[in-house]
Amino acid sequence: MKFPLKKSLSWLDNNVLLVLTGFLIAFIPLYPKIPLMDALPGYIVRIRLEDIFVLLAMVIWLIQALRKKIEWQSIIFWLIALYALSGLLSIVSAIFLLKSVPLETLHIGKSVLHYFRYLEYFSLFVLAFSAVKSKKDVQTLVTIFAFTIIAVTVYGYGQKYLYWPVYSTMNREFSKGMRLYLTEHARVQSTFAGHYDLAAFLVIALNLMLAFAYKQTNKLKKIWFHLVHLVGLWLLLVTASRTSFIAYIFGSLIILFLVALEKKDRKSQIKWGLSRFVGFSAVILIMTINFGGDMSERFLHILEGYPQLNDIYHTANRQRKDAWRNTLVFLGIKEYEPQKPKNGMSLAELERQVLTGTDQRPVKDRPNDVYEDIPDKVKVATKAADGSTQYVIQEKERTWSDNALKYGLSVAIRLDTLWPNAIKGFKANPILGKGYATLNKEGPYQFTEAESTDNNFLRILGETGLFGFISFFGIVALAVYYAFKFYQIDRTYTSAISIGFIGASMGLLLNAAYIDVFAASKVAFTYWGITGVVVGLFYLGQNKKVMKKSRLTKLVNCIRSKICHKK
């Protein structure tokens with residue numbers, strides 16, 4: 001009895017980081033963003049269960065590193081350290097030079113909180129990199145990830161059709177852990193903080209699954225990966241996120257191109273590429289027609305400038321829906337209508353009851369991406385009978401900018417406010433930026449409840465300047481470089497994760513031009529975890545020939561061995 005126990009403990013000691021990585025890759029996307037406690041009083045960011053688990057995992061990683069049980073050094077580790085230095089200097093500059101962060105505990109705490117959040121996201125890279133010791137480990141993690149995608153999709157289906165709970169962090173009230181449910185036009189967000197976060201996660205997930213589906217030779221496994229990709233595509237469509245949808249297609253086309261290049265001759269490359277492109281396009285078209293109603297509506301806003309085309313489309317679409325309903329009636333099939341939960345509240349009801357003016361979206365002669373007339377709520381000062389000043393909340397008709405009416409509310413918020421704020425932050429200090437969580441403040445002492453730029457490039461430039469921008473995206477660039485080098489040498493099934501990672505990274509970078517994807521916890525954790533797996537695979541001893549061909553690795557080894565100066 002002692003021998004099996006000793007053997008099990010020995011296996012756990014050798015594979016504890018793999019177990020933790022697999023657990024976190026599944027747990028972080030699946031567990032809803034239910035808060036445990038406030039990180040700062042009155043702030044939207046809260047401490048959650050995933051933060052506790054990540055901290056415990058990193059404590060175990062540190063113990064294993066001190067015991068010299070793992071390999072952990074890579075160039076990317078030093079780039080992460082460089083980014084950490086840039087963030088620290090940015091905070092110091094914001095406090096003592098720009099004065100954009102007051103010398104007060106609350107304001108400093110908020111900037112430091114965002115700084116450590118980025119470092120926390122990188123911890124998944126550190127963990128996954130050290131966990132990967134063989135190609136079998138990679139296959140294990142990919143399998144776990146595939147089942148995670150299925151589970152996220154199942155929950156998304158339950159939200160859309162069965163009123164399963166929604167836990168959102170789209171604003172301060174939602175982030176308290178309120179149990180909500182979706183209304184007709186509300187976008188599915190599954191276990192994520194919002195539909196944009198879910199869609200960005202799927203940009204990563206779907207590209208990885210597609211790469212494995214194309215590279216797999218076993219028919220059953222090929223069908224499995226195609227199935228995971230297909231159900232994930234349905235979920236992406238019901239998020240109605242146009243930017244992420246375009247990013248996913250962009251990444252998928254890169255994957256298709258890279259896999260096609262592996263074929264033995266130009267004729268085979270063209271034949272395989274064209275056939276897969278036609279098949280891929282057909283799947284996208286069929287899925288979008290059948291399940292992408294809200295997504296299509298958002299894309300079709302551009303038709304409003306062409307009345308005839310607009311009428312033709314909507315007439316054909318109504319006929320298609322009527323034909324489907326008539327078919328169900330003919331077959332005697334009744335559409336299932338779930339009952340709304342009695343102990344829940346819809347997003348629309350919550351907007352009417354508790355949201356503040358800054359959370360609202362204007363309406364009245366409204367933009368084409370606003371569906372409901374919700375008046376603005378403003379605080380108005382009045383004089384009481386005793387002469388004292390009292391404040392009451394009054395409803396006020398909404399107004400908006402020309403950009404909102406021309407391009408829609410979503411684009412206008414970025415053009416009118418968020419992006420100009422980030423550019424101003426960059427101009428304030430091009431080297432170190434204005435500091436974390438300072439871009440949307442109207443004055444140094446204003447305490448904003450949430451931070452957003454909706455462009456991760458501008459956000460990093462505005463908060464941490466060129467130093468932070470180069471070090472942060474240098475990590476992404478180097479990881480993609482490693483993945484491409486592995487793809488060039490290893491054309492086996494395992495290289496699918498490198499191809500998928502390249503497509504996912506390119507798609508996510510495109511997505512980052514419209515959403516702060518690298519600041520969204522579930523997306524960032526997932527991306528850096530996958531990055532750790534890919535770079536860990538590159539560094540495996542069995543791939544030494546890849547390492548030998550890496551000029552960057554040679555240069556670093558040259559510097560470390562202090563040979564360069566002798567030559």
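**Exercise 1. Determine how D454 and R414 are paired, where they lie and whether they are buried or exposed.**

Step 1. The side chains of D454 and R414 form a salt bridge with an N to O distance of 3.4 Å; the term denotes a side-chain nitrogen of Lys or Arg within 4 Å of a carboxyl oxygen of Asp or Glu.

Step 2. D454 belongs to the loop between α14 (409-428) and α15 (456-489), while R414 is in helix α14, so the pair ties together parts 40 residues apart in sequence. Helices (H or I, at least four residues) and strands (E, at least two) are DSSP runs, numbered from the N terminus.

Step 3. D454 and R414 are both buried. Buried means under 20% relative accessible area, exposed over 50%, and partly exposed in between (1.4 Å probe, protein chains only).

The model is predicted: local features need pLDDT of at least 70, side-chain atom pairs count only at pLDDT 80 or more, and totals for chains, interfaces and linings use all residues. Residues are numbered from 1 along each chain as its sequence is written, and side-chain values use heavy atoms, with hydrogens and water left out.

**Exercise 2. Describe the network of salt bridges that links D13, R67 and K69.**

Step 1. R67 and D13 meet through their side chains in a salt bridge of 2.8 Å, N to O. This pair links distant parts of the chain, 54 residues apart: R67 is in the loop between α2 (49-66) and α3 (75-96), and D13 is in helix α1 (residues 2-30).

Step 2. D13 also forms a salt bridge with K69, where the closest N and O atoms are 3.3 Å apart. K69 lies in the loop between α2 and α3, 56 residues from D13 in helix α1.

Step 3. Relative accessibility is 43% for R67, which counts as partly exposed. D13 is partly exposed at 23%, and K69 is partly exposed at 30%.

**Exercise 3. Characterise the packing of helix α6 against helix α8.**

Step 1. Two packed helices are described by the angle between their axes and the distance between the axes. The axes of α6 (residues 195-215) and α8 (residues 242-261) come within 9 Å and cross at roughly 15°. Axes are lines fitted to C-alpha atoms, for helices over the stretch in contact, with angles from 0 to 180 degrees between N-to-C directions.

Step 2. α6 and α8 are therefore roughly parallel; angles under 35 degrees count as roughly parallel, over 145 as roughly antiparallel, 65 to 115 as roughly perpendicular and the rest as oblique.

Step 3. The contact (heavy atoms within 4.5 Å) involves residues including Y196, V203 and L210 of α6 and S244, Y248 and I255 of α8.

**Exercise 4. Which residues are in contact with N511, leaving aside its neighbours within four places in sequence?**

Step 1. N511 is placed in helix α16 (residues 496-511) and is buried, its relative accessible area being 0%.

Step 2. Apart from those neighbours, N511 is in contact with A200, V203, T243, S244, A247 and V517. Among these, A200 and V203 of α6 and S244 and A247 of α8 also take part in the contact between the two helices.
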